[in-house]
Amino acid sequence: MCGVVTAASPANAATTPTLEFANPQSQALYGTAYTAALDNLLRINTLAYDPRHNRSGLQDPSVGFVRAGGGYQQPWTRDASINSWNATSLLSPALAENTLWAVVDKDASGALRVQQDDQQWDQVVWVTASWHHYLVTGDQEFLGDAYRTARNTLTIRENATSAGFNSTYGLFTGASFFNDGIAGYPAPPADATESVSTGSMPWPGIASGMYLSTNEVYYAAYVNAANMAERLGQAQEAAAQRAKAAALKAAINRHFWNPATGLYDYQLLANGTRGAYQEGTGLAFALLFDIASPAQARSILANARSMTWGMPDTYPHWDRYSEAQPGRHNAIVWPLVQGLWAKAAARQGDQAKFAAETARLAKLANNNSGFWEIYNGTTGVVDGGYQRLGDTVKFHWGSEPDQTWSATALLDMVHTGLFGLRHTTAGLSFAPTLPAGWGDVTLRNLRYRDADLTIRLRGAGTTIRSVTVDGRPSRAEIPATLQGAHTVEITLTGATAGDRDGDGTADAQDRCADTAGTVSGCPAPARLEAEDARNSGGVKTNVNHTGYSGRAFLDGLWAQGATSSFTLHRSSSASGTGAITVRYANAHGDARTMTLSVDGRAVRQVSFPKVSDSWDAWGTVTFDGVPVSGRDPVVTLSYGAGDTGAINLDWIGYSGP
């Protein structure tokens, strides 16, 4: 009952689009990550129907549901909502619908409601995800059930005695939308030793406090409940929901906007104390939900602080945390937050911020065999951060593999950001953001209702110069009634000139616009850090041994199928042979072997002699006579059949023509 779905009826089958960049570097970075994200959502994290999750009675037993991730077998309310909103509703509507209903139950009288657990911030974002699902599908029957669920859930929250409505401030109380752990809060309301609880709601100051993102998702829920009511012909109810939304938006701007920082504050305690901290989801929601005015939006984009590897959850480090020990919900990178921030940047036309955030997440996925739950914001290493665990203070948590919302964040960056898909009641419109240096790109086999779309972007920028549908001039939109196969081609202009990676080569001329280097804007092949390789099969970054160079080393080369691939950016395209030097660690009692390949063709099995009895010791070995051709050959070390593997990698270097 809990296995992975291996087949589906044609009516319910998910579409698997393909992403094709003309630029090979963009294909290697973004195309690879996109394919991995599709696999994460539609294969790894899609489970078979489980009647335990059908408390609403509205699920289809022939369709599965999406779990939260490799470490979380349940759908979870917030995860189910975010994953449907990000990607599942578009790619597999039946799967998304089942996933949304998996977190809905009924009260004693049989009324639908989002399941009532102790995490109220999870419940209201469901409304936004459900309205989006309706926009994607046009399913009127779903809309009716969704509105009843939304209306009942909002009524419960409005009348709750805990994490309910504070009429003095006109705001909702209770934990931040994303920060269910105490590491996400400064002191006060936390304390230096996190003495009360690992979770956030047992802390009185948090339960009675008011947080930016939570109030924003309430605002969006009211707006989208009003949208639902209008589509169902219930004008009076729609007006009432819009009035609540307007009052809440005014309260958010009155109590959270901080002219001194040019940002929204993160928290407002019940005693009126404000917390001028940065909350990544809160800032993203302010832009996505149009809570910020145009001037405020410009200020947010100008003043928000990102870390090296992305927009952090909360910022800066609380006093009890540090660069060496970042908080699990503090100055650390969750891809969910990155995805929301990238979506918000694209919506505001900020090409540079959209490009930077998307590149970061694509690299994090490609460098670590897929999409993990949390990464260190400074090093990009897989890192669950620190937080109290039971009676343990500042316990170092793990970061779970195959986190679904990390993958759907990347999918949303491509669909909503790059291709600018905008779902409306009338159809699908396009507002693309194609950064300079990425190159022309095509998205094939994208299913939208009864249409099978190929969408092609040319040029660069956010200004649409021309649009054709099947070769005929058109507006940048298609109707919801469109059927059959169609090709949409959009030519863009107005790309922002810049040098995103700071390597001295302008983005438009940079072979590797999002990777610093010295060979035509690409990394020099003489030293390629292993943590920057394209890794799969369980290979990931780590820092639990000493003596490595760069940000980290690679472990996980412990089973067949593990691979690390390095693109050699040569100055010549001529064929020839060169030498590959590898710095590695091997503390086994014998030499270990791996397979060396170039451009997918095996060259030979190579040996890595024992270096020391310690994994903190590193050695080098050089392999001569390696054939290469073209400007960008890919050298791969893999644990193949007949290999013994199980080494750690630090870097490789190439010398030759």
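Two strands count as paired if DSSP finds at least two bridges between them. Strands are DSSP runs of E with at least two residues, helices are runs of H or I with at least four, and both are numbered from the N terminus.

The model shown here is predicted, so local features need pLDDT of at least 70 and side-chain atom pairs count only at pLDDT 80 or more, while totals for chains, interfaces and linings use all residues. Residues are numbered from 1 along each chain as its sequence is written, and side-chain values use heavy atoms, with hydrogens and water left out.

**First stop: a hairpin**

Select residues 441–448, strand β19, together with residues 451–459, strand β20; these two strands pair in the antiparallel sense over 6 bridges. Tyr 448 has Ala 451 of β20 as its bridge partner.

**Second stop: the surrounding sheet**

Which strands belong to the open sheet of 6 strands? Their order is β1-β19-β20-β24-β21-β22, and the pairing is mixed. Select residues 18–21 for β1 and residues 472–473 for β22: these are the edge strands, and each pairs on one side only. From β1, move to β19, with which β1 pairs in the antiparallel sense over 4 bridges. Here Phe 21 stands opposite Val 441 in β19.

Next, display β17, β18 and β23, which form an open sheet in the order β17-β18-β23 with antiparallel pairing. The edges are β17 (421–423) and β23 (477–479); each has a single partner strand, so one side of each is left without a neighbour in the sheet. From one strand to the next, the twist averages 20°.

Begin with β17 and β18, which run antiparallel and are joined by 3 bridges. A hairpin of 3 residues connects β17 to β18. Across this pair, Arg 422 stands opposite Ser 429 in β18. Then select residues 427–430, strand β18, and look towards β23: 3 bridges join these antiparallel strands. Leu 428 has Ile 478 of β23 as its bridge partner.

**Fourth stop: two packed helices**

Two packed helices are described by the angle between their axes and the distance between the axes. Select residues 77–91, helix α2, and residues 93–101, helix α3; they pack at an angle of about 160°, with their axes 7 Å apart. (Axes are lines fitted to C-alpha atoms, for helices over the stretch in contact, and angles run from 0 to 180 degrees between N-to-C directions.) Helices α2 and α3 are therefore roughly antiparallel to each other, a term for angles over 145 degrees.

Which residues of α2 and α3 make the contact? In α2 they are Ala 80, Ser 81, Ser 84, Thr 88, Ser 89, Leu 90 and Leu 91, and in α3 they are Pro 93, Leu 95, Ala 96, Thr 99 and Leu 100. Contact means heavy atoms within 4.5 Å.

**Last stop: the disulfide**

A disulfide is a covalent bond between the sulfur atoms of two cysteines; the criterion used is a pair of cysteine sulfur atoms within 2.5 Å. The structure holds 1 disulfide. Select Cys 512 and Cys 522, whose sulfur atoms are 2.1 Å apart. With 90° about the S-S bond, the link of Cys 512 and Cys 522 is right-handed.

Conventions. Parallel < 35°, antiparallel > 145°, perpendicular 65-115°, else oblique.
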